[in-house]
Amino acid sequence: MSFFVVAISHVQAQENKLFKIKAGEDIQRSLPFTDKYRYPQFKIGGVAFLNGGTTPAKLNYSLLLGEMHFISPAGDTLSLANETTIKWIQLGNDYFYYSPDYGYLEIIHDSPTIKLAIKQIFRVASVEKIGAYQQSSGVSSIKNYSILSTGNSSVKRLEAKGDVILSKEKFYFFIDQNNRFYKATKSNLLKIFVKNKRIIENYLKEESIDFTNEENLKKLLQYCSQFS
């Protein structure tokens, strides 16, 4: 299996940060820590479990792997296991919930009726096949790579015959009063507030809410927080 390196330079496309991967090197060592983790360093936090127990730990969220990492007593970087037993994770003033379908979600707006959460993660934006003389041909393909994440380490491998473009992306989610997780869409919002569907639909027409815009979503949920 081949390893790839992130080029020193990167470009910005809309809100997504792009990184170009070159064949032959280790992505983990080449990607800056501040880009591959949520926080610039591991922070003292707490893991609360569904059974009522809590555990302190030095934690950080891996944007590269979509895992919550901790520092073991031996100094190793490991990922939390048995995520479905986790109620929430606290890091300073920030809270993370775990969804079996969507992974770790960070709460960015909270109210008694609904929460807004964000998931930040790296995805493969494109793969450029290697052409003659080992140069990138510029032909985009997503069929020539695989992404692997082990359950207890911070290793990620990309297997492809060409340069890989990684995109650091953001996705938004709603969490209802029963801690059910929904992608942030109009239809899911109306499903959560079915009793107030007509009023909210009128509000959406007046305000032209963009469901991919964080500030728009916070404004929308602030309005919806009046509904039970």
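Reader: Where is Asn179 placed?

Author: This is a predicted model, to be clear. In it, Asn179 sits in the loop between strand 14 and strand 15 (181-183).

Reader: And its phi, positive or negative?

Author: Positive, near 60°, and Asn179 is a residue other than glycine.

Reader: Is Asn179 buried, partly exposed or exposed, and why?

Author: Asn179 counts as partly exposed, because its relative accessibility is 35%. Buried would need under 20%, exposed over 50%.

Reader: What about Asn82, which loop is that in?

Author: Asn82 is in the loop between strand 6 and strand 7. Its phi is positive as well, near 50°. Asn82 counts as exposed because its relative accessibility is 57%.

Reader: Switching to Asn60. Which strand holds it?

Author: Strand 4. Asn60 counts as buried, because its relative accessibility is 0%.

Reader: What does the side chain of Asn60 reach?

Author: The backbone oxygen of Tyr39, at 3.0 Å.

Reader: Which residues is Asn60 in contact with, leaving aside neighbours within four places in sequence?

Author: The list includes Phe33, Tyr37, Arg38, Gln41 and Phe42. Glu67, Met68 and His69 are also among them.

Reader: How do strand 4 and strand 5 pair, parallel or antiparallel?

Author: Antiparallel, over four bridges. Tyr61 stands opposite Met68 of strand 5. The two strands form a hairpin with four residues between them, where Gly66 has a positive phi near 70°.

Reader: How many bridges join strand 5 to strand 6?

Author: Three, and these strands run antiparallel. Here Phe70 faces Leu78 in strand 6. This hairpin has five residues between its strands, and Gly75 in the turn takes a positive phi of about 90°.

Reader: Where does Ser72 fall?

Author: In the loop between strand 5 (67-71) and strand 6 (77-79). Ser72 is buried, because its relative accessible area is 11% and the cut-off is under 20%.

Reader: How far apart are Ser72 and Ala57 in space?

Author: C-alpha to C-alpha, 8.4 Å. In sequence they are 15 residues apart.

Reader: On to packing. Which residues touch the most other members of the largest nonpolar core?

Author: Leu59, Met68, Leu80, Ile89, Tyr104 and Leu166, out of 24 residues in that core.

Reader: Which elements give two or more residues to this core?

Author: Strand 2 (16-23), strand 4 (54-62), strand 7 (86-91), strand 8 (94-99), strand 10 (114-130) and strand 14 (162-176).

Reader: What's in the second core?

Author: That one is separate and has 21 residues, including Ile118, Phe193, Tyr203 and Leu220.

Reader: Now helix 4. Which residues are buried there?

Author: Ile200, Tyr203 and Leu204, in a helix covering residues 197-207. Seen down the axis of helix 4, the buried residues fall within an arc of 100°, so they line one face.

Reader: What do the buried residues of helix 4 pack against?

Author: Helix 3 (186-192) and helix 5 (214-224).

Reader: And what does the face turned away from the buried side carry?

Author: Exposed residues: Arg198, Lys205 and Glu206.

Reader: Last one. Which residue follows helix 4?

Author: Ser208, with a positive phi near 50°.

Note on methods
Residues numbered from 1 in each chain as written. Predicted model: local features only at pLDDT ≥ 70, side-chain atom pairs only at ≥ 80, totals over all residues. Heavy atoms only, no water. Core = buried A, V, L, I, M, F, W, Y, C linked by side-chain atoms within 4.5 Å. Buried < 20%, exposed > 50% of the residue type's maximum accessible area, 1.4 Å probe, protein only. Polar contact = N/O pair within 3.5 Å; in protein donor to acceptor, adjacent residues only side chain to side chain. Contact = heavy atoms within 4.5 Å. Pairing = 2+ DSSP bridges. Arc of directions from axis to C-beta.
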